[in-house]
Amino acid sequence: MLEVNAVTKSFGGLAAVAAASLRVAEGGIVALIGPNGAGKTTLFAAISGFVAPDNGQILFNGAAITGLAPHLICRRGIVRTFQIVQPFGGLTVRENIVVGAHLRHAGRRKALMRAEEVARRVGLGELLDRPASALTVAGRKRLELARALATAPRLLLLDEVMAGLNPAEIDEIVRIIRDIRASGVTVFLIEHVMQAVVSLADYVYVLNQGEIIAQGSVSEIAAMPNVIEAYLGHGAAARMTTGAAGAVQ
Amino acid sequence: MTMRQGLAGGLVLVLALMAPLAIQSDFWLGFLITILLFAAMGMAWNILGGYAGQFSFGHAAFFGTGAYATSVLHIALGLNPWLGLLVAAAAGGTMGLLIGYLSFRYGLRGSYFALITLAFAEVLRILANTAGFTGGGVGLYLPLNIGVANMQFAGKAGYYYVALGLALASILIAWRLERSRLGAWLAAIRENEDAARALGVDTFACKLAAIGISGAMTGVGGWFYAHYYLYIDPEIAYGPGVSVEILLVAIVGGLGTVLGPLLGSVALHAAGELAQRLMGDTPGLNLIFYGVLLVVMVRLMPDGLAGLVRRWMRPAGGTQRA
């Protein structure tokens with residue numbers, strides 16, 4: 001469904017993303033993980049049209065979308081959320097979600113109906129008339145998700161929707177994301193909360209210093225020495241294996 | 001709209017329609033005409049500034065273009081003033097699209113956008129001062145020829161009804177916009193442009209639509225002014241005075257509300273009249289007064305008079321918009 005071919009993006013000589021390639025198959029949940037500053041958000045920004053890649057190609061359902069404006073990419077069915085939530089603070093929850101719903105519904109009545117339906121789906125049904133600025137962190141994350149869903153996407157890019165949530169709230173979002181996938185929307189997510197990655201992702205890509213250094217299922221990834229080193233530093237994998245061996249003895 | 005709001009609105013409308021029967025004084029009718037004209041233009045400004053969040057300091061560019069378009073064609077070709085309304089709307093709207101295209105294309109926002117609109121109005125003022133067909137600095141006198149077909153009335157009542165019609169039409173446009181897709185998208189752009197783009201909003205096209213509608217409505221304001229006073233010059237048409245007065249009406253009244261500019265226009269002109277009575281007709285006094293008022297409003301009452309009315313009507317702190 002989504003195909004990223006050797007995409008590169010540099011900021012002032014520093015390659016945030018260096019020839020990264022990946023595929024997201026339709027109907028799945030794919031995770032993109034990696035240490036801070038690995039270039040994950042830049043890669044999302046390139047896919048959603050917020051930054052134009054210097055090199056490489058991005059295909060969505062076989063058609064090139066490289067360098068298209070964000071609103072055109074959104075119309076084709078890819079929508080992103082922001083790592084740092086960006087609510088329309090002066091508007092109510094309902095008005096926030098209606099903005100997304102209007103993409104597919106020109107009429108106000110239909111857009112409002114669609115917004116309410118989406119709000120209930122993510123658990124914001126009771127808060128529709130609250131100002132968005134009055135929501136808690138968890139509420140804002142859900143609002144971010146609801147607005148994106150209201151655009152009726154085929155591919156949902158979630159940038160750390162679980163950061164800053166407590167375990168109960170994380171469980172709730174995990175349930176909502178499963179429900180979104182069950183409704184036929186493909187999910188591609190950046191996540192640091194490993195508990196969520198483990199329980200959600202069918203396939204994982206690991207990005208480090210702009211490069212994809214590993215890919216596979218969660219259990220495959222967890223055993224790869226270069227992944228452990230990317231997170232814990234050079235030599236960590238070796239120390240862990242010897243440490244484990246020592247424990248066995 | 002609730003039953004109570006509908007009744008209140010109907011009552012105000014009936015009173016407004018009967019006002020010329022009760023008020024015989026030309027002075028007070030003229031006062032009401034000014035209030036209605038600036039309420040209509042304040043609503044035009046509000047579509048761009050209040051809903052879309054793009055503050056213009058140069059709405060004179062649209063006001064003056066509408067005024068000159070109808071005047072020049074009326075004098076040169078005998079264009080009927082009622083048709084001039086359409087011409088002025090088209091001219092103001094085109095000027096809006098032109099200025100909007102040039103500023104939004106290059107991503108100008110906030111104070112940069114405000115400055116560029118001010119600059120455009122100033123350029124137009126200087127052009128109108130030098131060009132031949134605008135009458136230069138002397139200005140243009142429209143021929144006196146009383147008759148309804150020629151949009152010239154013997155008394156002020158006729159003009160009052162035209163101005164009332166403009167204000168009502170503006171209220172209707174703002175009310176419709178607030179409940180439309182474009183309205184929802186403009187509010188999203190005002191609150192967070194990047195988030196709006198991520199949700200599929202073509203921010204450039206939406207802002208262009210807003211400035212086009214706003215420019216057309218303000219152009220109609222210029223049309224009314226020209227046929228009401230039968231005289232315009234570059235200072236009146238394109239000077240910063242009219243730009244400031246239009247934006248003050250909207251800011252004092254309440255940004256992004258349907259009725260705010262009407263409240264703002266009433267308050268501003270009533271206070272202005274009072275200040276003039278108390279302190280005499282010193283030139284420039286009104287500008288000082290406007291400046292002080294703007295600072296006070298922005299500091300103490302950023303949601304304007306409409307916000308005050310809303311808080312007063314719903315002390316429990318409801319979130320429904322007026």
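1. Start with the open sheet of four strands in chain A. Its order is β2-β1-β4-β5, and the pairing is antiparallel. Strands here are DSSP runs of E with at least two residues, helices are runs of H or I with at least four, and both are numbered from the N terminus. Two strands pair if DSSP finds at least two bridges between them. The edge strands are β2 (14-24) and β5 (63-64) of chain A, and each pairs on one side only.

2. A word on the source. This is a predicted model, in which local features need pLDDT of at least 70 and side-chain atom pairs count only at pLDDT 80 or more, while totals for chains, interfaces and linings use all residues. Residues are numbered from 1 along each chain as its sequence is written, chains are lettered from A and ligands numbered from 1 in the order in which they are written, and side-chain values use heavy atoms, with hydrogens and water left out.

3. Look at β1 and β4. Five bridges pair strand β1 (residues 2-11) of chain A with strand β4 (residues 55-60) of chain A, in the antiparallel sense. Asn5(A) has Gln57(A) of β4(A) as its bridge partner. Glu3(A) stands opposite Leu59(A) in β4(A).

4. Leu59(A) also has a bridge partner in β5(A), namely Ala64(A). Two bridges join β4(A) to β5(A), and these strands run antiparallel. They form a hairpin with two residues between them. Asn61(A), in the turn, has a positive phi of about 50°.

5. Helix α1 (residues 40-47) of chain A touches β1, β2 and β4 of chain A. Contact means heavy atoms within 4.5 Å. The direction of α1 makes about 115° with that of β1(A). Axes are lines fitted to C-alpha atoms, for helices over the stretch in contact, and angles run from 0 to 180 degrees between N-to-C directions.

6. Chain A has an open sheet of six strands too. The order is β6-β7-β8-β3-β9-β10, with mixed pairing. β6 (78-80) and β10 (211-216) of chain A are the edge strands. The twist averages 20° from one strand to the next. Helix α5 (residues 137-150) of chain A packs on the sheet and touches β6 and β7 (155-159). Its direction makes about 160° with that of β7(A).

7. Val30(A) stands opposite Phe188(A) in β8(A). Helix α9 (residues 225-232) of chain A lies across β3, β9 (203-208) and β10, at about 130° to β10(A).

8. Now the interface. In contact are 22 residues of chain B and 28 residues of chain A. The buried area is about 2,000 Å², and carbon and sulfur atoms give 63% of it. Buried area is the accessible area (1.4 Å probe) that two parts lose on being put together, summed over both.

9. Which element of chain B gives the most to the side that touches chain A? It is α7(B), with seven residues.
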